Amino acid sequence: MGAFIKEHDPEHLITTGLEGFTRSGSASGWKHDGSQGTDFIRNHRPASIDFATFHLWPAQWRMAQVESLRWVEEHILSAHAVLKKPVVLEEFGWSRDARGSTATRDGFYRAVLDTVCAAGGSGALFWAHYHEGYPDYDGYGVYPGKDRSTAQIITRAARRMRRARCAVSATTSRPGREGRR
């Protein structure tokens, strides 16, 4: 499908939208044993795939913060070293606590966004930015007026990543693709 799209629109950026699960003979556990039906490296390897993506849902995947940050680093390093492609943490989130506090989420967001930047990731997309009238149906919503501390963390990280963009792009560029980001 990627080749078909590129044939008709060579400037169209294509990725997979995968969670990031792997099929690794050396790693154990459901996130690495291929049981989820996808393979981060294999599915991002085709030339028609322009950049890699992965997700991070520690509450659903029962991952501690240390394991979550290792997951982020592993995917960014694999995308650069093996795939030679940029990589985006396409989807991640943490909900407010039972009292509606964002303190734990803020710490998690800060750690994840710092890790993405330090490891040379090309970006990170949190779940989800809502306007004040939209219901927070899943508990992950970030409301600009209500969640100022979370919004400040995201804004600072975005500025930091924008300043680092040239260094990240230079380390992940592929021959013949420099002008196509």
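A: In this predicted model, D50 and K6 form a salt bridge in which the closest N and O atoms are 2.5 Å apart. The two partners come from distant parts of the chain, 44 residues apart. D50 sits in the loop between α2 and β1, while K6 belongs to helix α1, residues 2-8. Both D50 and K6 are buried.

Side chains of opposite charge can pair when their charged atoms come close. By the rule used here, the count comes to 7 salt bridges.

Another of them pairs D147 with R105, and here the closest N and O atoms are 3.3 Å apart. This pair also links distant parts of the chain: D147 lies in the loop between β3 and α6, R105 lies in helix α5, and 42 residues separate them. D147 has a relative accessibility of 3%, so it counts as buried. R105 counts as buried because its relative accessibility is 0%. The pair is part of a network, in which salt bridges that share partners join R96, R105, D136 and D147.

A further salt bridge brings together the side chains of R99 and D97, at 3.6 Å from N to O. R99 has 72% relative accessibility and therefore counts as exposed. D97 has a relative accessible area of 26%, so it is partly exposed.

Next come the nonpolar surroundings. The largest nonpolar core has 32 residues, and those with the most contacts inside it are L56, L89 and F92. Two or more residues each come from α2 (40-44), β1 (52-56), α4 (65-83), β2 (87-92), α5 (103-119) and α6 (148-172). The most, 7 residues, come from α5; this is the helix that holds R105.

Leaving aside residues up to four places away in sequence, L89 touches F54, H55, L56, V72, V112, V116, G123, A124 and L125. L56, one of these, is also among the residues with the most contacts inside the core.

Y137 counts as exposed because its relative accessibility is 54%, whereas D147, at 3%, counts as buried.

Note on methods
Residues numbered from 1 in each chain as written. Predicted model: local features only at pLDDT ≥ 70, side-chain atom pairs only at ≥ 80, totals over all residues. Heavy atoms only, no water. Core = buried A, V, L, I, M, F, W, Y, C linked by side-chain atoms within 4.5 Å. Buried < 20%, exposed > 50% of the residue type's maximum accessible area, 1.4 Å probe, protein only. Helix = DSSP H or I, 4+ residues; strand = E, 2+ residues; numbered from the N terminus. Contact = heavy atoms within 4.5 Å. Salt bridge = Lys/Arg side-chain N within 4 Å of Asp/Glu carboxyl O.
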